Amino acid sequence: MRKASAIMADLKTRLETSGFFGAVVLSSAQVDDQIQQELRVFGKHMFPAVIVAFEAGELVEAHTVEEFKLKLVVVDIFRPGTDAMALRVFAMIERLRELFPPRGHHENGCFYVPGGISAMSADPMFVCFAQQLTVKQGVE
């Protein structure tokens, strides 16, 4: 059974090696305001970026499966009136769907299942979308 820290490291590696994102940050943020604070650590050359945040963990299916609920927050700088930037945002979402397809993805004994995507930016300087991701693994 993989530890949460190993799963987060696996995610970071998968996102970094995709070659699409300028930065991938593992975050201990618990609320959206803290994620907004994480945005400030990126230099302009690091966008688009992804913040990986832990949401919850639980044992399900009669305690035989461990689930971690994560949030992948894709971030870019907001530039009004530019179709190219809007298309780049959609490309970020498409890239996440390629990395974590709707039918799921197996890696290192874990099963990664994407959930919904929602807008989440409260900062007018950034555009952010949160991709829900559930990681499942058998309990030994």
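**View 1. Asn108 sits in the loop between β4 (105–107) and β5.** Strands here are DSSP runs of E with at least two residues, helices are runs of H or I with at least four, and both are numbered from the N terminus. This is a predicted model, where local features need pLDDT of at least 70, side-chain atom pairs count only at pLDDT 80 or more, and totals for chains, interfaces and linings use all residues. Residues are numbered from 1 along each chain as its sequence is written, and side-chain values use heavy atoms, with hydrogens and water left out. Asn108 isn't a glycine, yet its phi is positive, at about 50°. Most residues other than glycine have a negative phi. With 45% relative accessibility, Asn108 counts as partly exposed (buried is under 20% relative accessible area, exposed is over 50%, partly exposed is in between; 1.4 Å probe, protein chains only).

**View 2. Phe47 and Pro48 are joined by a cis peptide bond.** Omega is about 0° for this bond. Most peptide bonds are trans. Look for Pro48 in the loop between α2 (32–39) and β2 (49–60).

**View 3. Ile117 belongs to strand β5 (residues 110–119).** Ile117 is partly exposed because its relative accessibility is 29%. Leaving out residues up to four places away in sequence, Ile117 touches Ile93, Arg97, Phe129, Ala130 and Gln131 (contact means heavy atoms within 4.5 Å). Ile93 is 24 residues from Ile117 along the chain, and their C-alpha atoms are 8.3 Å apart.

**View 4. Glu67 is part of strand β3 (residues 65–77).** Glu67 counts as buried because its relative accessible area is 8%. Setting aside neighbours within four places in sequence, the contacts of Glu67 include Ala56, Gly57, Thr134 and Lys136.
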